[in-house]
Amino acid sequence: MTNTPGASDIGISHSTLVSCLGRGRTPHVTALRDGTSGLREDHNLDLPFSCFLGEVDDLTALCFPVELSAYDNRANRLALAALESDGFFQAALATRENWGATRCGIVVGTSTAGVEMLERVYRARDDDAPMPESYSMRHHDSQQAVAAFLQDYLDFQGPSYSISTACSSSAKALVDAYQLIEAGLCDAVLVGGVDSLCLTSLNGFESLELISRSPCKPCDSNRDGLSIGEAAAFLIVERDSKNSIRVSGFGESSDGTNMSTPPEDGAGAAAAIRQALQRAGLTAGEIDYVNLHGTATIVNDAAEAQAVSSVIGADVPASSLKGAIGHTLGAAGAAEAVLSLYALEEGIIPGNPGLEQLDPKVLPNVAAQCRNAPLKHVVSNSFGFGGSNCALVFSR
């Protein structure tokens, strides 16, 4: 058994991100600086309504490993694209070599895993026909499908599991990664989030009248709902990391009030943010930037503003990145964690794509455009259906 390290020994050694903005660090940092959005109206999904989506290009061109072809679906292709970006695959293998396969774990946040493959199978099959024998629930629509693919591909033999708490899933996965190491169960954890575009999510959000017909406008007076995206984002969290950037605090809470709407005062979200600051040992005045969950719905943005104001203060610089990559659902926490790391490393406060006229009911210091700023502590918020809240503090 490895001695349990102190929290200060645990850091984030590597990260990667694939979204509609591109693959890896360079296109994302460029887009953050330029305020670019990857949301597009043209897409490949058969939807009965029009909308803008954050779709990742060219996934079918990836060379999926033949020996793992049973896992071949869009979600796992997103995961593979992320592994192949920024040298992450080689970093993962080096991590396994350093700590040993049994000391390396995997935690993945997802809301739908590979259900997009199930949708395709159902739409192709005749009425009342049995499911094709070639279809495997274990490899596609099981919530564990992505984590299992990663485990088989990378031969990480430590604990491997998935977290599915809607849009807070992969933020909570990061919390688990730290706790697995603190508990002495792992020395390194590959953690992240993966969700692909699928008809189930899109039609579900449409039935709730939450899908915008234009690119989403978080924090804008004229915002009218979400734009959905897809992404895969991974981080390697390990003991004795030489990277100074780490998760210095985290907080989790449950609203316990409504399945899809937060309380107007943002009390549950505020509790998560407050916990995160307390665990980090930071005061509100030490937070340099807040990456908002910022979904662009009327109620959510206003409730989050109440939560941030009550804990950190209304004047803290903040922005939502949903206008850049869309709401990537179960992958959002990890994707925006990686974007927050980029902001920390680059020393920038990203802008808020889509913002034209700031709603007076949201935070007054939402950054319309990207600007340079020395950052030391950044809060990233993730809030999911069912009132599942998670706040992370990244520090350097």
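1. Strands β10 and β14 pair in the parallel sense over 3 bridges; two strands count as paired if DSSP finds at least two bridges between them. Helices (H or I, at least four residues) and strands (E, at least two) are DSSP runs, numbered from the N terminus. In this pairing, Tyr 289 has Val 378 of β14 as its bridge partner.

2. The basis of the values is as follows. The model is predicted, with local features requiring pLDDT of at least 70 and side-chain atom pairs counting only at pLDDT 80 or more, while totals for chains, interfaces and linings use all residues. Residues are numbered from 1 along each chain as its sequence is written, and side-chain values use heavy atoms, with hydrogens and water left out.

3. Strands β10 and β14 belong to an open sheet of 5 strands with mixed pairing, in the order β9-β15-β14-β10-β11. The edge positions are taken by β9 (246-254) and β11 (318-320); each has a single partner strand, so one side of each is left without a neighbour in the sheet. From one strand to the next the twist averages 20°, where angles run from 0 to 180 degrees between N-to-C directions and axes are lines fitted to C-alpha atoms, for helices over the stretch in contact. Strand β10 (residues 289-292) also pairs with β11 in the parallel sense, over 3 bridges, and Leu 292 stands opposite Ser 320 in β11. Helix α11 packs on this sheet and touches β10, β14 (377-384) and β15 (388-395); its direction makes about 165° with that of β14. Contact here means heavy atoms within 4.5 Å.

4. Of its 8 residues, 8 are buried, so β14 is largely enclosed by the rest of the structure. Buried means under 20% relative accessible area, exposed over 50%, and partly exposed in between (1.4 Å probe, protein chains only). His 377, Val 379, Asn 381 and Phe 383 point one way from the strand, and Val 378, Ser 380, Ser 382 and Gly 384 point the other way. In a regular strand the side chains alternate between the two faces of the sheet. The pairing of β14 with β15 is antiparallel over 8 bridges, and His 377 stands opposite Ser 395 in β15. The two strands form a hairpin with 3 residues between them, and Gly 386 in the turn has a positive phi of about 85°.

5. Ser 168 is found in the loop between β5 (160-163) and α6. With 0% relative accessibility, Ser 168 counts as buried. Beyond its neighbours within four places in sequence, Ser 168 is in contact with Ser 382, Phe 383, Gly 384, Ser 388 and Cys 390.

6. Helix α6 (residues 169-182) has 14 residues, which at 1.5 Å a residue should span 20 Å, and its end C-alpha atoms are 20 Å apart, which agrees. The expected span is 1.5 Å times one less than the number of residues. Burial covers 12 of the 14 residues of α6, including Lys 172, Asp 176 and Tyr 178. Gly 184, with a positive phi near 80°, follows the helix.

7. Helices α6 and α11 pack at an angle of about 70°, with their axes 5 Å apart. That makes α6 roughly perpendicular to α11; angles under 35 degrees count as roughly parallel, over 145 as roughly antiparallel, 65 to 115 as roughly perpendicular and the rest as oblique. Ser 170, Ala 171 and Leu 174 of α6 make the contact with Ala 332, Gly 333, Ala 334 and Ala 337 of α11.

8. The largest nonpolar core has 51 residues, among which Leu 174, Val 191, Val 237 and Phe 394 touch the most other members. Its largest share, 9 residues, comes from helix α11 (residues 332-346). A second, separate core of 34 residues includes Ala 91, Leu 154, Phe 156 and Phe 234. Such a core is a set of buried Ala, Val, Leu, Ile, Met, Phe, Trp, Tyr and Cys residues joined through side-chain atoms within 4.5 Å.

9. Another open sheet has 6 strands in the order β2-β1-β8-β6-β4-β5, with mixed pairing. Helix α5 (residues 145-154) lies across β4 (104-109), β5, β6 (188-195) and β8 (231-239), running at about 150° to β4.

10. Gly 323 lies in helix α10 (residues 322-325) and is buried, with a relative accessible area of 2%. Not counting residues up to four places away in sequence, Gly 323 touches Ser 37, Leu 39, Cys 216, Pro 218 and Pro 353.
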